[in-house]
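Here's a quick briefing to read with the model open.

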Amino acid sequence: MTDTPTRRRLPSLDRVRKLPAWSALVAGTLLGGLSGGAYGLLTPPEYTATSYVVAVPTDQATPESARGFAQAYGRVATQLAVLGDAQVWAGVPVRTLRNSVRTATSPDAPMVSVTATSDRPGLSVDMANAVARALTRHAEDTKDSTRVRLVQFSRAVKPGGPASASAGVTALVGASAGGLLGGLALLARPRRGGRGEEPVPAASVPGPATAADVPR
């Protein structure tokens with residue numbers, strides 16, 4: 001009774017073992033390409049819009065202080081004090097702004113970039129411009145103490161296409177990853193004996209000794 005499952009599995013195992021060595025590479029590439037293409041098709045596209053503001057020193061400030069305050073404004077742009085005002089103009093909750101908006105600054109220029117990402121191109125533009133507007137309003141309220149103003153340098157415009165990778169790109173990435181895994185599996189596969197290897201001689205068993213003919 002216990003021999004029946006084993007006998008049923010042996011033909012399938014034999015067929016797998018008889019496959020050529022490069023089959024793992026081909027299978028990994030195909031599976032990776034299909035998985036990557038499916039991910040690109042099922043994942044909604046993302047659109048990115050960026051708005052820029054620049055720190056301008058007043059008569060009683062220096063360009064170095066403007067660059068320093070630009071770094072500070074870049075860090076506080078995603079705080080609740082700024083996002084609380086920006087949500088009114090963007091029409092989305094603060095949580096959405098916090099998860100979708102990122103800022104960046106440069107040590108060489110007193111500029112702050114506000115980038116928003118959304119699955120709708122128009123919403124990404126509204127969020128980027130709303131946060132930039134709220135940031136300039138807060139900087140205007142404190143210009144008497146900081147001696148630095150924030151000015152709108154460039155408003156965000158509607159993106160021409162999605163920033164996320166297309167299905168073709170994700171398919172290529174998946175195929176590359178699958179091919180790499182297939183190659184690793186091919187390297188880890190036990191190697192068969194080569195042609196140059198000499199077979200191990202079988203142990204010889206001595207035959208039964210024959211009795212000597214005794215003359216009668």
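This is a predicted model: local features need pLDDT of at least 70, side-chain atom pairs count only at pLDDT 80 or more; totals for chains, interfaces and linings use all residues.

Numbering starts from 1 along each chain as its sequence is written, and side-chain values use heavy atoms, leaving out hydrogens and water.

**Helix 4**
- Helix 4 spans residues 80-90, and its buried residues are Val 82, Leu 83, Ala 86 and Ala 90 (buried is under 20% relative accessible area, exposed over 50%, partly exposed in between, with a 1.4 Å probe and protein chains only; helices are DSSP runs of H or I with at least four residues, strands are E runs of at least two, numbered from the N terminus).
- Looking down the axis, those buried residues fall within an arc of 85 degrees, so they line one face of helix 4 (the arc is that of the directions from the helix axis to the C-beta atoms).
- Over on the other side, Leu 80, Ala 81 and Val 88 are exposed.
- The buried residues pack against helix 3 (63-76), helix 5 (94-100) and helix 6 (121-141), with contact meaning heavy atoms within 4.5 Å.

**Loop residue**
- Arg 147 sits in the loop between helix 7 (143-146) and strand 4 (148-154).
- Arg 147 isn't a glycine, yet its phi is positive, near 60 degrees.
- Its relative accessibility is 35%, so Arg 147 counts as partly exposed.

**Helix 8**
- Leu 184 lies in helix 8 (residues 167-188), and at 47% relative accessibility Leu 184 counts as partly exposed.
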